Amino acid sequence: MKRLTANQRIKLAVAAFLGLVVLAIIFTAVIYVSRIGKVAVITKYAPYNASVYLNGSEINNNATNFLTPGTYELTVNLEHFVTNTETITITEDTEYILGSLIFADEEGQVITAERKKDFLEVEGIFGKLLTNAGNKIRQEYPILDFLPINNAFYSISFAYKDDGSPKITVQAQPTMVDVAVRKMLSFPDITLTDYDITFTTPNPFTSPAPNNISDPFTFIRASFPNIINHYQFGPGRNAGEYYLTTIYTYNFTSDDSYAHFKVILRKTGDSWTFAATPQLLFTTKNAPSIPVEILDYANRL
């Protein structure tokens, strides 16, 4: 057998090395191509020896999986635990598939205790994600830094709507509504017109009677002939095509101001119309067609 020279051995080694490099490049390229359009999702479902399936195909638990965005049926099972099945949606923003199985018998309870670290890690990630989500929402809706408020006079609470935005609810007796409104107006760097704010205080001005009177105060009186004698008007303000004022009652016995309903009228020819239903507080939700600066001006009357 002919022995290779040193030069031949070097060439052979270089060729072998280059072959390995090419294989590595091809392998890397195949992996890269296979992950195009997919999302890296960390799957952690306690205990980590549980089997995790998406649409019937098993994926790796306690590992990163590259998944195509879409809706899947998630199934997680392990002997001695209750099988979990639910529908999940993977988007480009999805970071985790997280969860924990519930033991179904004593053996499952033992396994839960033995793999306590798995469950604690999942709980910790859940907590971190909730904190991050809360911080993100508060950055987007800074009024939440001041809420909720609960005292003997009024409460201002919130709940999240389906789109993730907050719906703010103000509960107060009529004598205290203005106090709650002034409190919200005092929040620094907050534009109240951006929010969905509702009041539990009844609104008596939802069904105005039609009329075409040219004087704004006479127009308002004619719009609510059955109740207007119980109310007074605040000062009026002209704002371009709009006219702003307030309607309120006064309890002379207790010397407490009752709720001030803000009014925005719009000039139509020689007469007025309500640009929006009178409100305790105007926002872009209950008066979407009125400029924000007009809403804010009316809110501060």
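**Notebook: strand pairing and cores**

I began with strand E2 (residues 51–54), which pairs with strand E5 (residues 70–77) in the antiparallel sense over four bridges. Strands pair here if DSSP finds at least two bridges between them. I took helices (H or I, at least four residues) and strands (E, at least two) as DSSP runs, numbered from the N terminus.

This is a predicted model, with pLDDT of at least 70 needed for local features and 80 or more for side-chain atom pairs, while totals for chains, interfaces and linings use all residues. Residues are numbered from 1 along each chain as its sequence is written, and side-chain values use heavy atoms, without hydrogens and water.

Tyr-53 faces Thr-75 in E5. E2 also runs antiparallel to strand E3 (residues 57–59), with three bridges. Val-52 has Ile-59 of E3 as its bridge partner. E2 and E3 make a hairpin with two residues between them. In that turn I found Asn-55 with a positive phi of about 50 degrees.

Then I looked up the cores. A nonpolar core is a set of buried Ala, Val, Leu, Ile, Met, Phe, Trp, Tyr and Cys residues joined through side-chain atoms within 4.5 Å. Buried means under 20% relative accessible area (1.4 Å probe, protein chains only). The largest has 39 residues; Ile-143, Met-184 and Phe-199 are among those with the most contacts inside it. Helix H4 (174–185) and strand E9 (154–160) are among the elements that each supply at least two of its residues. H4 gives the largest share, six residues.

I noted another core apart from the largest one, with 22 residues, including Ala-46, Ile-59, Leu-78 and Ile-111.

Terms used
Buried means under 20% relative accessible area, exposed over 50%, partly exposed in between (1.4 Å probe, protein chains only).
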